[in-house]
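Have the sequence and the 3D view ready.

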Amino acid sequence: MGALIFSLNLTLDGCVDHQEGIADDETHVFFTRLMDEGGAMLWGRVTYEMMESYWPSVARGDEAAPPAVREWAVKLQAKPKYVVSSTRDDFPWANSHHIAGDLREGVQKLKDATPDGVLLGSGKLATELDRLDLIDEYKLLVHPRIAGHGPTLYQGGLPATRRLELLSAQPLRNGAVAMHYRRAR
C-alpha cells in the first residue's frame, strides 16, 4: 500500500492561495521531484479545474515557459490524476480519473493500488481526508511571505490536533523551506 502525501505551497501565515507563493525554477524543480517520486496525483474538482485550465497548454508548447516549468507540465500530463468530485464526472485531461462515491473507500482503494504513493494537492480535500485519518505524510513548501488573507490551510478545522513528527527541513535558495512530516505514532 502506498502512502497518501499531502503537499502544498503555503505562506508563513498559512495562506494557500496559489498566487502567493514563489513560482520560480527552484520551486518547480522541487514539485517535479515530488511528482516523480509518487505514483499518482489526487485533487478536488476546484484544484483540478485550475490545473486543467493552464498546464496542458504548457505541456503542448502553446504557452511560453522556462525549461523547469515545461518539464513539470510534461510530466504532469503523463502522471495519473485522480479527482474527487460530486458535481462533475467528465475529466478529459490526459490520464485523469474520477473518484466517486464513498470518499474513504475510494481514496483507500487508490492508496492500495499505488505502491509509489499518492500526492495530494488540494487544501479543502486534505481537510476531509485528514478527518478520515487517511493522510500519512505532509510535504509542505513554506514561502517567506505573510499574505494576510485566505484561504488558509485547514480553514475548515479538524476535530482534534494532529501531532506530526519532523522528518526533514530543507531551505531553498529562494527563501522557502521544504518541510517533511509524518503522522506521529
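Is Lys75 buried, partly exposed or exposed? Lys75 counts as partly exposed, because its relative accessibility is 29%. Here, buried means under 20% relative accessible area, exposed means over 50%, and partly exposed is in between (1.4 Å probe, protein chains only).

A quick word on what you're looking at. This is a predicted model, where local features need pLDDT of at least 70, side-chain atom pairs count only at pLDDT 80 or more, and totals for chains, interfaces and linings use all residues. Residues are numbered from 1 along each chain as its sequence is written, and side-chain values use heavy atoms, with hydrogens and water left out.

Back to Lys75: it forms a salt bridge with Glu71, and their closest N and O atoms are 3.1 Å apart. A salt bridge is a side-chain nitrogen of Lys or Arg within 4 Å of a carboxyl oxygen of Asp or Glu. Both residues sit in helix H4 (residues 67–78), four residues apart, which is about one turn of the helix. Helices (H or I, at least four residues) and strands (E, at least two) are DSSP runs, numbered from the N terminus. Glu71 is partly exposed too, because its relative accessible area is 37%. Elsewhere, salt bridges that share partners join Arg45, Glu49, Glu52 and Arg88 into one network.

By this rule, the count comes to 16 salt bridges. One of them pairs Glu26 with Arg173 at 3.7 Å, N to O. This pair links distant parts of the chain, 147 residues apart: Glu26 is in helix H1 (residues 25–37), while Arg173 is in the loop between strand S7 (164–171) and strand S8 (177–183). Glu26 counts as buried because its relative accessibility is 16%, whereas Arg173, at 76%, counts as exposed. Compare Asp62 and Arg60, whose side chains meet at 2.8 Å, N to O; both of these residues are exposed.

Now for Lys81, in strand S3 (residues 81–84). Not counting residues up to four places away in sequence, Lys81 touches several others, including Met41, Trp43, Leu76 and His97, where contact means heavy atoms within 4.5 Å.
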